[in-house]
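Here's a quick tour for anyone meeting this structure for the first time. Have a look at it below, then read on.

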Amino acid sequence: MSTAAVFSEALRTDTLGVVIIVATEDGISFVEKRLQPFVGKDTVSNIIEACDDLSYGKIKSFNVVSVNGKFIEIVIAGAGKRGSLNRASVEKLSGHICDSIKSKNACIGIYNDLETGVELAAAYLASGLLLKSWNFNKYKSKPEPEKISAIECQTCYLERNEEEFATLESVMDGVFLVRDMVTEPANVMTPDQILDIAMSLKKFGVKVSVLDQRDMEKAGMNAILGVGRGSDNPTYLISMEYCTDKAKDKIAFVGKGLTFDSGGLCLKPSNKMGEMKGDMTGAAVVIGILSVIASQKTKANVIGVIGVTENMISGKAQRPGDVVISASKKTIEVDNTDAEGRLVLADALWYTHERYSPKIMIDLATLTGAIHVALGHEFAGLFANADDLAEELKKSGHLVGEKLWRLPLHPSFADDIKSDIADIKNVGSGRGAGSTTAAMFLKEFVPDSVKWAHIDIAATEWDSKNRALSKKGATGFGVRLLHNFVVHYYANNP
Ligand code: BES
Ligand code: MG
Ligand code: ZN
(Lines give C-alpha, C1' and ligand atoms only; values in the text may rest on other atoms or scores of the structure.)
(Ligands and ions follow the chains in the order given, each with its own letter.)
Protein backbone atom coordinates (compact mmCIF):
# COMPACT_ATOMS: atom_id res chain seq x y z
CA MET A 1 0.00 0.00 0.00
CA SER A 2 1.34 3.45 -0.89
CA THR A 3 1.66 6.35 1.57
CA ALA A 4 -1.76 7.73 2.39
CA ALA A 5 -2.92 11.25 1.72
CA VAL A 6 -5.59 13.04 3.72
CA PHE A 7 -7.74 15.86 2.43
CA SER A 8 -9.23 18.66 4.48
CA GLU A 9 -10.57 22.15 4.17
CA ALA A 10 -7.94 23.48 6.59
CA LEU A 11 -4.55 21.85 7.17
CA ARG A 12 -3.04 21.19 10.59
CA THR A 13 -0.31 23.74 10.14
CA ASP A 14 1.81 22.76 13.17
CA THR A 15 2.73 19.27 11.90
CA LEU A 16 4.03 20.14 8.44
CA GLY A 17 7.70 19.93 7.53
CA VAL A 18 7.14 21.01 3.94
CA VAL A 19 4.49 23.44 2.74
CA ILE A 20 3.74 23.37 -0.99
CA ILE A 21 1.77 26.22 -2.50
CA VAL A 22 0.68 25.70 -6.08
CA ALA A 23 -0.36 28.98 -7.69
CA THR A 24 -1.39 30.18 -11.12
CA GLU A 25 0.18 33.25 -12.70
CA ASP A 26 -2.37 35.58 -11.14
CA GLY A 27 -2.25 33.77 -7.81
CA ILE A 28 0.40 35.68 -5.90
CA SER A 29 -2.17 36.91 -3.37
CA PHE A 30 -3.12 33.26 -2.79
CA VAL A 31 0.53 32.52 -2.03
CA GLU A 32 0.72 35.44 0.36
CA LYS A 33 -2.41 34.41 2.24
CA ARG A 34 -1.24 30.81 2.58
CA LEU A 35 2.19 31.80 3.84
CA GLN A 36 0.88 33.93 6.67
CA PRO A 37 0.11 31.17 9.21
CA PHE A 38 3.62 29.76 8.81
CA VAL A 39 6.13 32.59 8.73
CA GLY A 40 6.55 36.19 9.82
CA LYS A 41 5.78 39.23 7.70
CA ASP A 42 9.36 39.82 6.53
CA THR A 43 9.78 36.25 5.35
CA VAL A 44 6.45 36.46 3.52
CA SER A 45 7.63 39.59 1.68
CA ASN A 46 10.98 38.02 0.81
CA ILE A 47 9.33 34.92 -0.62
CA ILE A 48 6.76 36.94 -2.55
CA GLU A 49 9.51 39.07 -4.02
CA ALA A 50 11.46 36.00 -5.11
CA CYS A 51 8.38 34.48 -6.77
CA ASP A 52 8.12 36.89 -9.66
CA ASP A 53 7.50 34.08 -12.17
CA LEU A 54 4.61 31.66 -11.65
CA SER A 55 4.56 30.29 -15.18
CA TYR A 56 4.00 26.53 -15.47
CA GLY A 57 6.80 24.50 -13.93
CA LYS A 58 8.69 27.36 -12.25
CA ILE A 59 9.39 26.02 -8.79
CA LYS A 60 11.24 27.68 -5.93
CA SER A 61 12.10 26.19 -2.59
CA PHE A 62 12.91 28.12 0.62
CA ASN A 63 14.24 26.85 3.93
CA VAL A 64 12.89 29.13 6.60
CA VAL A 65 12.21 29.32 10.31
CA SER A 66 8.52 29.10 11.05
CA VAL A 67 6.60 31.20 13.55
CA ASN A 68 6.91 28.20 15.91
CA GLY A 69 10.69 28.35 15.67
CA LYS A 70 10.91 25.14 13.58
CA PHE A 71 12.85 24.78 10.31
CA ILE A 72 10.39 24.26 7.50
CA GLU A 73 10.66 24.08 3.74
CA ILE A 74 8.36 26.18 1.61
CA VAL A 75 7.90 25.26 -2.04
CA ILE A 76 6.13 27.67 -4.37
CA ALA A 77 5.13 26.09 -7.65
CA GLY A 78 4.03 28.09 -10.67
CA ALA A 79 1.10 26.48 -12.48
CA GLY A 80 0.85 28.88 -15.43
CA LYS A 81 -2.35 30.34 -16.83
CA ARG A 82 -5.52 29.74 -14.85
CA GLY A 83 -7.75 27.36 -16.76
CA SER A 84 -4.95 25.91 -18.87
CA LEU A 85 -4.43 22.78 -16.78
CA ASN A 86 -5.73 19.25 -16.89
CA ARG A 87 -5.08 16.01 -15.03
CA ALA A 88 -1.88 15.15 -16.91
CA SER A 89 -0.35 18.61 -16.47
CA VAL A 90 -1.24 18.80 -12.76
CA GLU A 91 0.28 15.35 -12.12
CA LYS A 92 3.35 16.26 -14.13
CA LEU A 93 3.74 19.47 -12.16
CA SER A 94 3.65 17.59 -8.87
CA GLY A 95 6.35 15.28 -10.21
CA HIS A 96 8.57 18.36 -10.70
CA ILE A 97 7.63 19.61 -7.26
CA CYS A 98 8.70 16.29 -5.77
CA ASP A 99 12.16 16.77 -7.28
CA SER A 100 12.46 20.20 -5.65
CA ILE A 101 11.69 18.95 -2.14
CA LYS A 102 14.95 18.68 -0.21
CA SER A 103 13.59 17.51 3.15
CA LYS A 104 13.56 13.83 4.02
CA ASN A 105 10.76 11.92 5.67
CA ALA A 106 8.61 15.00 5.70
CA CYS A 107 4.98 15.51 6.44
CA ILE A 108 3.90 17.50 3.40
CA GLY A 109 1.05 19.97 3.18
CA ILE A 110 -0.30 21.07 -0.19
CA TYR A 111 -2.33 24.17 -0.98
CA ASN A 112 -3.51 24.82 -4.49
CA ASP A 113 -5.52 27.52 -6.19
CA LEU A 114 -6.32 25.38 -9.25
CA GLU A 115 -9.63 24.08 -8.04
CA THR A 116 -11.76 26.41 -10.10
CA GLY A 117 -10.24 24.85 -13.22
CA VAL A 118 -9.46 21.32 -12.03
CA GLU A 119 -11.75 20.27 -9.20
CA LEU A 120 -9.69 17.19 -8.51
CA ALA A 121 -6.37 19.03 -8.47
CA ALA A 122 -5.71 18.06 -4.84
CA ALA A 123 -6.02 14.35 -5.61
CA TYR A 124 -3.86 14.65 -8.72
CA LEU A 125 -1.16 16.61 -6.86
CA ALA A 126 -1.02 14.01 -4.11
CA SER A 127 -0.89 11.10 -6.54
CA GLY A 128 1.78 12.80 -8.67
CA LEU A 129 3.98 13.31 -5.61
CA LEU A 130 3.60 9.69 -4.59
CA LEU A 131 4.22 8.31 -8.08
CA LYS A 132 7.39 10.34 -8.31
CA SER A 133 8.68 9.47 -4.85
CA TRP A 134 8.59 5.67 -5.34
CA ASN A 135 11.92 3.95 -4.97
CA PHE A 136 13.32 0.45 -4.67
CA ASN A 137 15.46 0.00 -1.55
CA LYS A 138 15.13 -3.71 -0.99
CA TYR A 139 18.76 -4.67 -1.61
CA LYS A 140 20.45 -1.63 -0.01
CA SER A 141 22.03 -2.28 3.37
CA LYS A 142 21.58 1.40 4.09
CA PRO A 143 18.37 2.46 2.36
CA GLU A 144 17.92 6.12 1.51
CA PRO A 145 15.30 7.76 3.70
CA GLU A 146 11.89 8.17 2.07
CA LYS A 147 11.07 11.68 0.93
CA ILE A 148 7.49 11.74 2.12
CA SER A 149 6.09 10.38 5.36
CA ALA A 150 2.58 11.77 4.98
CA ILE A 151 0.59 14.10 2.75
CA GLU A 152 -2.13 16.53 3.76
CA CYS A 153 -3.97 18.30 1.00
CA GLN A 154 -6.20 21.33 1.25
CA THR A 155 -9.29 21.37 -0.93
CA CYS A 156 -12.83 22.76 -0.94
CA TYR A 157 -14.13 19.68 -2.77
CA LEU A 158 -13.42 17.23 -0.01
CA GLU A 159 -15.54 14.23 -0.92
CA ARG A 160 -14.82 14.27 -4.63
CA ASN A 161 -11.08 14.44 -4.03
CA GLU A 162 -11.18 11.71 -1.40
CA GLU A 163 -13.12 9.47 -3.72
CA GLU A 164 -10.84 10.16 -6.68
CA PHE A 165 -7.74 9.63 -4.59
CA ALA A 166 -8.99 6.24 -3.38
CA THR A 167 -9.11 5.14 -7.03
CA LEU A 168 -5.78 6.76 -7.87
CA GLU A 169 -4.21 5.04 -4.88
CA SER A 170 -5.31 1.67 -6.09
CA VAL A 171 -4.02 2.44 -9.60
CA MET A 172 -0.73 3.53 -8.02
CA ASP A 173 -0.49 0.20 -6.23
CA GLY A 174 -0.78 -1.42 -9.66
CA VAL A 175 1.97 0.86 -11.02
CA PHE A 176 4.22 0.11 -8.03
CA LEU A 177 3.65 -3.62 -8.42
CA VAL A 178 4.88 -3.33 -12.02
CA ARG A 179 7.88 -1.20 -11.05
CA ASP A 180 8.83 -3.65 -8.29
CA MET A 181 8.51 -6.67 -10.59
CA VAL A 182 10.54 -5.01 -13.34
CA THR A 183 13.27 -3.79 -10.99
CA GLU A 184 13.74 -7.18 -9.31
CA PRO A 185 16.66 -9.04 -10.87
CA ALA A 186 16.03 -12.04 -13.08
CA ASN A 187 17.37 -14.46 -10.45
CA VAL A 188 14.47 -13.39 -8.22
CA MET A 189 11.70 -12.51 -10.72
CA THR A 190 11.67 -15.99 -12.25
CA PRO A 191 8.72 -17.60 -14.07
CA ASP A 192 7.77 -19.32 -10.79
CA GLN A 193 7.80 -16.00 -9.00
CA ILE A 194 5.57 -14.42 -11.64
CA LEU A 195 3.21 -17.38 -11.33
CA ASP A 196 3.05 -16.81 -7.55
CA ILE A 197 2.22 -13.13 -8.07
CA ALA A 198 -0.48 -13.99 -10.63
CA MET A 199 -1.93 -16.57 -8.19
CA SER A 200 -2.08 -13.89 -5.50
CA LEU A 201 -4.78 -12.12 -7.55
CA LYS A 202 -7.17 -14.87 -6.42
CA LYS A 203 -7.65 -12.84 -3.24
CA PHE A 204 -9.48 -10.22 -5.36
CA GLY A 205 -11.76 -12.82 -6.96
CA VAL A 206 -9.65 -13.32 -10.10
CA LYS A 207 -9.76 -16.85 -11.55
CA VAL A 208 -6.19 -17.89 -12.29
CA SER A 209 -5.22 -20.92 -14.36
CA VAL A 210 -1.92 -22.07 -15.77
CA LEU A 211 -0.67 -24.22 -18.63
CA ASP A 212 2.68 -25.83 -17.88
CA GLN A 213 5.10 -27.30 -20.38
CA ARG A 214 3.21 -30.59 -20.76
CA ASP A 215 -0.13 -28.85 -21.28
CA MET A 216 1.45 -26.62 -23.90
CA GLU A 217 3.06 -29.58 -25.65
CA LYS A 218 -0.36 -31.18 -25.91
CA ALA A 219 -1.80 -27.95 -27.32
CA GLY A 220 0.99 -27.73 -29.89
CA MET A 221 2.34 -24.44 -28.58
CA ASN A 222 5.78 -24.94 -30.04
CA ALA A 223 6.43 -21.25 -30.65
CA ILE A 224 6.48 -20.32 -26.97
CA LEU A 225 8.03 -23.65 -25.93
CA GLY A 226 10.89 -23.21 -28.39
CA VAL A 227 11.87 -19.93 -26.71
CA GLY A 228 12.07 -21.52 -23.26
CA ARG A 229 14.00 -24.62 -24.32
CA GLY A 230 17.42 -23.23 -23.46
CA SER A 231 16.44 -22.26 -19.91
CA ASP A 232 16.39 -24.34 -16.74
CA ASN A 233 13.42 -22.29 -15.57
CA PRO A 234 9.90 -23.42 -16.50
CA THR A 235 7.69 -21.90 -19.18
CA TYR A 236 4.09 -20.99 -18.31
CA LEU A 237 1.05 -19.61 -20.04
CA ILE A 238 -0.95 -18.00 -17.27
CA SER A 239 -4.58 -16.86 -17.60
CA MET A 240 -6.39 -14.49 -15.26
CA GLU A 241 -10.14 -13.91 -15.54
CA TYR A 242 -12.19 -11.22 -13.90
CA CYS A 243 -15.76 -11.01 -15.13
CA THR A 244 -18.65 -9.21 -13.46
CA ASP A 245 -21.27 -9.71 -16.18
CA LYS A 246 -20.90 -12.56 -18.65
CA ALA A 247 -23.35 -10.91 -21.08
CA LYS A 248 -21.04 -7.95 -21.70
CA ASP A 249 -18.01 -7.59 -24.00
CA LYS A 250 -14.73 -9.11 -22.93
CA ILE A 251 -11.42 -7.28 -23.19
CA ALA A 252 -8.28 -9.41 -23.15
CA PHE A 253 -4.80 -8.16 -22.29
CA VAL A 254 -1.90 -10.28 -23.44
CA GLY A 255 1.61 -9.75 -22.09
CA LYS A 256 5.15 -10.72 -23.05
CA GLY A 257 6.80 -12.17 -19.96
CA LEU A 258 10.48 -12.86 -20.68
CA THR A 259 12.05 -12.94 -17.22
CA PHE A 260 15.36 -12.58 -19.03
CA ASP A 261 16.26 -12.20 -22.68
CA SER A 262 19.89 -13.08 -23.35
CA GLY A 263 19.05 -13.19 -27.07
CA GLY A 264 19.48 -16.98 -27.09
CA LEU A 265 22.09 -18.32 -29.52
CA CYS A 266 21.85 -14.94 -31.31
CA LEU A 267 23.38 -13.65 -28.08
CA LYS A 268 23.01 -9.98 -27.24
CA PRO A 269 26.12 -7.89 -26.60
CA SER A 270 26.99 -7.80 -22.89
CA ASN A 271 26.62 -4.03 -22.81
CA LYS A 272 23.10 -3.43 -21.44
CA MET A 273 22.17 -7.13 -21.54
CA GLY A 274 21.32 -6.72 -17.85
CA GLU A 275 18.43 -4.44 -18.83
CA MET A 276 16.73 -7.51 -20.28
CA LYS A 277 15.51 -8.44 -16.80
CA GLY A 278 12.77 -5.95 -17.72
CA ASP A 279 11.64 -8.01 -20.70
CA MET A 280 8.71 -9.24 -18.60
CA THR A 281 7.17 -5.77 -18.32
CA GLY A 282 4.25 -6.58 -20.64
CA ALA A 283 3.27 -9.47 -18.36
CA ALA A 284 3.74 -7.30 -15.26
CA VAL A 285 1.45 -4.61 -16.70
CA VAL A 286 -1.21 -7.24 -17.42
CA ILE A 287 -1.01 -8.46 -13.81
CA GLY A 288 -1.01 -4.82 -12.64
CA ILE A 289 -4.13 -3.81 -14.55
CA LEU A 290 -6.01 -6.92 -13.44
CA SER A 291 -5.11 -6.28 -9.83
CA VAL A 292 -6.41 -2.70 -10.05
CA ILE A 293 -9.66 -3.62 -11.81
CA ALA A 294 -10.37 -6.56 -9.51
CA SER A 295 -9.39 -4.85 -6.24
CA GLN A 296 -11.59 -1.88 -7.19
CA LYS A 297 -14.45 -4.25 -8.09
CA THR A 298 -14.83 -2.32 -11.36
CA LYS A 299 -17.74 -3.49 -13.51
CA ALA A 300 -15.80 -5.09 -16.35
CA ASN A 301 -14.95 -8.36 -18.06
CA VAL A 302 -11.20 -8.43 -18.27
CA ILE A 303 -8.99 -11.35 -19.19
CA GLY A 304 -5.21 -11.39 -18.80
CA VAL A 305 -2.99 -13.92 -20.55
CA ILE A 306 0.77 -13.88 -20.08
CA GLY A 307 3.43 -16.00 -21.72
CA VAL A 308 6.20 -16.39 -19.17
CA THR A 309 9.59 -17.87 -19.97
CA GLU A 310 13.31 -17.14 -20.25
CA ASN A 311 15.46 -16.86 -23.39
CA MET A 312 18.76 -18.56 -22.57
CA ILE A 313 21.44 -20.71 -24.17
CA SER A 314 22.23 -24.39 -23.64
CA GLY A 315 22.55 -27.55 -25.71
CA LYS A 316 18.76 -27.62 -25.80
CA ALA A 317 18.31 -24.04 -26.96
CA GLN A 318 16.61 -23.46 -30.28
CA ARG A 319 18.84 -22.53 -33.21
CA PRO A 320 18.56 -19.86 -35.83
CA GLY A 321 17.00 -21.59 -38.82
CA ASP A 322 14.85 -23.96 -36.76
CA VAL A 323 11.23 -24.30 -37.86
CA VAL A 324 8.44 -24.55 -35.28
CA ILE A 325 4.76 -25.34 -35.75
CA SER A 326 2.79 -22.83 -33.70
CA ALA A 327 -0.52 -23.55 -31.91
CA SER A 328 -2.32 -21.95 -34.87
CA LYS A 329 -0.58 -24.56 -37.08
CA LYS A 330 1.22 -21.80 -38.97
CA THR A 331 4.86 -22.73 -39.38
CA ILE A 332 7.54 -20.29 -38.34
CA GLU A 333 11.18 -20.17 -39.35
CA VAL A 334 13.17 -18.88 -36.38
CA ASP A 335 15.58 -16.70 -38.29
CA ASN A 336 16.80 -14.92 -35.16
CA THR A 337 16.49 -16.36 -31.66
CA ASP A 338 16.53 -12.84 -30.24
CA ALA A 339 13.17 -12.04 -31.87
CA GLU A 340 11.62 -14.29 -29.23
CA GLY A 341 8.86 -12.05 -27.88
CA ARG A 342 6.79 -12.39 -31.02
CA LEU A 343 7.10 -16.20 -30.80
CA VAL A 344 5.75 -16.14 -27.26
CA LEU A 345 2.93 -13.79 -28.25
CA ALA A 346 2.06 -15.81 -31.36
CA ASP A 347 0.86 -18.70 -29.21
CA ALA A 348 -0.48 -16.47 -26.44
CA LEU A 349 -2.62 -14.37 -28.82
CA TRP A 350 -3.91 -17.44 -30.64
CA TYR A 351 -4.78 -19.18 -27.39
CA THR A 352 -6.50 -16.08 -25.97
CA HIS A 353 -8.78 -15.86 -28.97
CA GLU A 354 -9.51 -19.62 -29.03
CA ARG A 355 -10.27 -19.88 -25.34
CA TYR A 356 -12.03 -16.58 -24.60
CA SER A 357 -13.24 -15.07 -27.91
CA PRO A 358 -12.79 -11.54 -26.57
CA LYS A 359 -14.25 -8.58 -28.41
CA ILE A 360 -10.98 -6.70 -27.98
CA MET A 361 -7.44 -7.96 -27.61
CA ILE A 362 -4.59 -5.67 -26.54
CA ASP A 363 -1.07 -6.96 -26.19
CA LEU A 364 1.78 -5.24 -24.39
CA ALA A 365 5.36 -6.16 -25.07
CA THR A 366 8.92 -4.91 -24.82
CA LEU A 367 9.14 -6.14 -28.37
CA THR A 368 11.70 -4.18 -30.37
CA GLY A 369 14.74 -1.98 -29.86
CA ALA A 370 13.61 -0.27 -33.06
CA ILE A 371 10.74 1.42 -31.22
CA HIS A 372 13.33 3.45 -29.31
CA VAL A 373 14.87 4.61 -32.57
CA ALA A 374 11.46 5.58 -33.94
CA LEU A 375 9.82 7.22 -30.93
CA GLY A 376 12.28 7.68 -28.04
CA HIS A 377 11.22 7.24 -24.42
CA GLU A 378 8.05 9.35 -24.23
CA PHE A 379 5.75 7.60 -26.70
CA ALA A 380 5.00 3.91 -26.88
CA GLY A 381 4.34 2.44 -30.34
CA LEU A 382 0.74 1.62 -31.12
CA PHE A 383 -0.36 -0.75 -33.88
CA ALA A 384 -4.01 -1.61 -34.40
CA ASN A 385 -6.34 -3.27 -36.88
CA ALA A 386 -9.23 -0.95 -35.88
CA ASP A 387 -9.19 2.86 -36.00
CA ASP A 388 -11.71 3.37 -33.19
CA LEU A 389 -9.72 1.16 -30.82
CA ALA A 390 -6.51 3.01 -31.67
CA GLU A 391 -8.17 6.37 -31.01
CA GLU A 392 -9.63 5.26 -27.68
CA LEU A 393 -6.28 3.94 -26.50
CA LYS A 394 -4.50 7.13 -27.55
CA LYS A 395 -7.08 9.25 -25.71
CA SER A 396 -6.85 7.12 -22.55
CA GLY A 397 -3.08 7.49 -22.53
CA HIS A 398 -2.91 11.20 -23.22
CA LEU A 399 -5.24 11.89 -20.28
CA VAL A 400 -2.57 10.56 -17.90
CA GLY A 401 0.58 11.47 -19.81
CA GLU A 402 1.20 7.91 -21.07
CA LYS A 403 1.38 8.78 -24.71
CA LEU A 404 0.97 6.48 -27.71
CA TRP A 405 1.91 7.07 -31.32
CA ARG A 406 0.33 4.96 -34.01
CA LEU A 407 2.62 3.35 -36.57
CA PRO A 408 1.66 1.50 -39.73
CA LEU A 409 0.38 -2.03 -39.83
CA HIS A 410 0.05 -2.26 -43.57
CA PRO A 411 -0.12 -5.16 -46.07
CA SER A 412 2.83 -3.66 -47.94
CA PHE A 413 5.07 -4.97 -45.14
CA ALA A 414 3.77 -8.55 -45.38
CA ASP A 415 6.45 -9.67 -47.86
CA ASP A 416 9.17 -8.81 -45.33
CA ILE A 417 8.32 -11.76 -43.14
CA LYS A 418 7.91 -14.36 -45.91
CA SER A 419 10.11 -17.40 -45.36
CA ASP A 420 11.66 -19.64 -48.02
CA ILE A 421 10.85 -22.83 -46.16
CA ALA A 422 7.99 -22.04 -43.74
CA ASP A 423 4.81 -19.92 -43.72
CA ILE A 424 6.56 -16.97 -42.12
CA LYS A 425 9.84 -16.08 -40.44
CA ASN A 426 10.30 -14.19 -37.21
CA VAL A 427 12.36 -11.24 -38.51
CA GLY A 428 11.99 -8.83 -41.39
CA SER A 429 14.26 -8.94 -44.43
CA GLY A 430 16.40 -6.09 -43.12
CA ARG A 431 14.57 -3.26 -44.83
CA GLY A 432 14.01 -1.20 -41.70
CA ALA A 433 10.65 -0.66 -39.92
CA GLY A 434 11.61 -3.28 -37.33
CA SER A 435 8.73 -2.47 -35.00
CA THR A 436 6.21 -2.75 -37.83
CA THR A 437 7.53 -6.08 -39.11
CA ALA A 438 7.24 -7.38 -35.53
CA ALA A 439 3.63 -6.15 -35.40
CA MET A 440 2.94 -7.67 -38.84
CA PHE A 441 4.19 -10.99 -37.48
CA LEU A 442 1.81 -10.80 -34.50
CA LYS A 443 -1.09 -9.95 -36.84
CA GLU A 444 -0.70 -13.42 -38.39
CA PHE A 445 -1.99 -14.88 -35.12
CA VAL A 446 -4.99 -12.59 -34.62
CA PRO A 447 -8.20 -13.28 -36.57
CA ASP A 448 -9.46 -10.20 -38.47
CA SER A 449 -12.78 -10.45 -36.62
CA VAL A 450 -11.14 -9.36 -33.34
CA LYS A 451 -10.33 -5.75 -32.64
CA TRP A 452 -6.68 -5.89 -31.75
CA ALA A 453 -3.98 -3.47 -30.70
CA HIS A 454 -0.31 -4.07 -30.02
CA ILE A 455 1.58 -1.66 -27.77
CA ASP A 456 5.38 -1.79 -28.00
CA ILE A 457 6.64 -0.58 -24.62
CA ALA A 458 10.32 -1.48 -25.11
CA ALA A 459 11.46 2.13 -24.70
CA THR A 460 8.83 3.49 -22.30
CA GLU A 461 9.04 0.85 -19.58
CA TRP A 462 12.45 1.98 -18.36
CA ASP A 463 14.35 5.23 -18.55
CA SER A 464 17.93 6.07 -17.76
CA LYS A 465 16.76 9.59 -16.90
CA ASN A 466 14.38 11.20 -14.49
CA ARG A 467 10.88 11.39 -16.00
CA ALA A 468 7.81 13.43 -15.12
CA LEU A 469 6.39 10.80 -12.77
CA SER A 470 9.23 8.37 -12.22
CA LYS A 471 12.90 8.43 -11.40
CA LYS A 472 15.58 6.73 -13.44
CA GLY A 473 14.49 3.10 -13.79
CA ALA A 474 11.15 1.35 -14.14
CA THR A 475 8.17 3.55 -15.07
CA GLY A 476 5.20 1.19 -14.82
CA PHE A 477 4.01 2.65 -18.15
CA GLY A 478 0.68 1.20 -19.24
CA VAL A 479 -1.27 0.57 -16.05
CA ARG A 480 -2.72 4.08 -15.81
CA LEU A 481 -3.51 4.18 -19.50
CA LEU A 482 -5.25 0.81 -19.51
CA HIS A 483 -7.17 1.59 -16.35
CA ASN A 484 -8.63 4.65 -18.06
CA PHE A 485 -9.37 2.61 -21.13
CA VAL A 486 -11.26 -0.10 -19.24
CA VAL A 487 -13.24 2.34 -17.10
CA HIS A 488 -14.27 4.42 -20.14
CA TYR A 489 -15.07 1.36 -22.22
CA TYR A 490 -17.58 -0.06 -19.75
CA ALA A 491 -19.02 3.38 -19.00
CA ASN A 492 -19.69 3.92 -22.72
CA ASN A 493 -20.80 0.34 -23.47
CA PRO A 494 -23.02 -0.43 -20.49
N1 BES B 1 13.45 -7.68 -25.72
C2 BES B 1 13.99 -7.27 -26.95
C3 BES B 1 13.60 -5.84 -27.32
C4 BES B 1 14.14 -4.75 -26.43
C5 BES B 1 15.28 -4.08 -26.81
C6 BES B 1 13.50 -4.39 -25.28
C7 BES B 1 15.76 -3.07 -26.01
C8 BES B 1 13.98 -3.37 -24.48
C9 BES B 1 15.13 -2.70 -24.84
C10 BES B 1 13.52 -8.19 -28.07
O11 BES B 1 13.32 -9.50 -27.71
C12 BES B 1 14.60 -8.20 -29.10
O13 BES B 1 15.65 -8.67 -28.80
N14 BES B 1 14.31 -7.70 -30.28
C15 BES B 1 15.27 -7.63 -31.33
C16 BES B 1 14.57 -8.02 -32.62
C17 BES B 1 15.51 -8.23 -33.75
C18 BES B 1 16.35 -9.46 -33.52
C19 BES B 1 14.70 -8.37 -35.01
C20 BES B 1 15.80 -6.20 -31.40
O21 BES B 1 15.02 -5.27 -31.22
O22 BES B 1 16.99 -6.05 -31.60
MG1 MG C 1 15.09 -10.65 -27.86
ZN1 ZN D 1 12.84 -9.83 -25.73
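Into which domains is the protein chain divided? There's domain 1 (5–152) and domain 2 (179–491), with bounds that come from an automatic or database domain assignment. Bear in mind that this is a predicted model, where local features need pLDDT of at least 70, side-chain atom pairs count only at pLDDT 80 or more, and totals for chains, interfaces and linings use all residues. Residues are numbered from 1 along each chain as its sequence is written, chains are lettered from A and ligands numbered from 1 in the order in which they are written, and side-chain values use heavy atoms, with hydrogens and water left out.

- Taken over C-alpha atoms, the centres of domain 1 and domain 2 sit 38 Å apart.
- Domain 1 puts 16 residues into the contact and domain 2 puts in 19, where contact means heavy atoms within 4.5 Å.
- Between them the two domains bury about 1,400 Å², 53% of it on carbon and sulfur atoms; buried area is the accessible area (1.4 Å probe) that two parts lose on being put together, summed over both.
- On the domain 1 side, Leu131, Lys132 and Trp134 lose the most area to domain 2, together 42% of what that side buries.

**Pairs across the interface**

- The rule finds 2 salt bridges between domain 1 and domain 2, each being a side-chain nitrogen of Lys or Arg within 4 Å of a carboxyl oxygen of Asp or Glu.
- It also finds 11 residue pairs in polar contact there, both residues at pLDDT 80 or more; that takes a pair of N or O atoms within 3.5 Å, and within protein one must be able to donate a hydrogen and the other to accept it, while residues adjacent in sequence count only if both atoms are side-chain atoms.
- Helix H3 (87–100) and helix H4 (121–133) each supply at least two residues of the domain 1 side that touches domain 2; helices (H or I, at least four residues) and strands (E, at least two) are DSSP runs, numbered from the N terminus.
- H3 gives the most to that side, with 7 residues.

**Around ligand 1**

- Of the 15 residues around ligand 1, Asp261, Lys268, Asp338, Glu340 and Gly369 come nearest, counting a residue as near if one of its heavy atoms lies within 4 Å.
- A polar backbone atom of glycine 369 is 2.7 Å from an oxygen atom of ligand 1.

**Salt bridges overall**

- The structure holds 27 salt bridges.
- One of them joins the side chains of lysine 81 and glutamate 25 (3.2 Å, N to O).
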